[in-house]
Amino acid sequence: MIRKITRRDKEIFLALSEEFYASSAVMHPLPRAFHERTFAELMRSDKYADGFILEEDDTAVGFGLTAKTFSREGGGMVLWLEELYILPDYRCRGLGKQYFDFIEEYARKNNFARIRLEVEEYNVRALALYERLGYQPLDYCQMVKELALGEEK
């Protein structure tokens, strides 16, 4: 089952989020304050972001985060799949596919023009899943400039 994250999910979200950022799926860990800010934003509003809990047998076994933006290239609103994390013992059970089916239905219902995601090139299992689901690589490099939001880094 996939459901929207709620206030009661704070500790499980923080634990799963920190585990995700300690895994090989990402380039580097994040300060705890970043995880807490993310949860606070999810609770504040769903205007810019949404969070979802993946459950199996009433147990939280993963989470997904989305961000919302407008894209002229996309011709409308774009749903960014920011993160998807499933506990290792629950992988390869169809939860990733279930999440993507859920997200595509959510995107259609909410008039998104495009779904977009990022993946590390070495994450071959994720790449294979995304390609099977019809996602295509973009042929350009993204760049970023960090702006300080406080003292932690």
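Just after helix α4, G134 takes a positive phi of about 100 degrees. This value, like the rest here, comes from a predicted model.

Helix α4 itself spans residues 124-132, and A126, L129 and Y130 are buried in it. Seen down the helix axis, the buried residues of α4 fall within an arc of 95 degrees, so they line one face. What lies over them? The cover of these buried residues includes α3 (95-109) and β5 (114-117). The face of α4 turned away from the buried side carries exposed residues: V124, E131 and R132.

Strand β2 covers residues 49-56 and holds E55. Is E55 buried or exposed? E55 has a relative accessible area of 11%, under the 20% limit, so E55 counts as buried. The E55 side chain makes a polar contact of 3.0 Å with the side chain of R3. Neighbours within four places in sequence aside, E55 is in contact with M1, R3, A60 and V61.

The cysteines come next. A disulfide is a covalent bond between the sulfur atoms of two cysteines. With sulfur atoms required to lie within 2.5 Å, the count of disulfides is zero. C92 is exposed, at 71% relative accessibility. C141 is exposed too, with a relative accessible area of 64%.

The table sets out the accessibility values.

| Residue | Relative accessible area | State |
|---|---|---|
| E55 | 11% | buried |
| C92 | 71% | exposed |
| C141 | 64% | exposed |

Technical notes
Residues numbered from 1 in each chain as written. Predicted model: local features only at pLDDT ≥ 70, side-chain atom pairs only at ≥ 80, totals over all residues. Heavy atoms only, no water. Helix = DSSP H or I, 4+ residues; strand = E, 2+ residues; numbered from the N terminus. Buried < 20%, exposed > 50% of the residue type's maximum accessible area, 1.4 Å probe, protein only. Polar contact = N/O pair within 3.5 Å; in protein donor to acceptor, adjacent residues only side chain to side chain. Contact = heavy atoms within 4.5 Å. Arc of directions from axis to C-beta.
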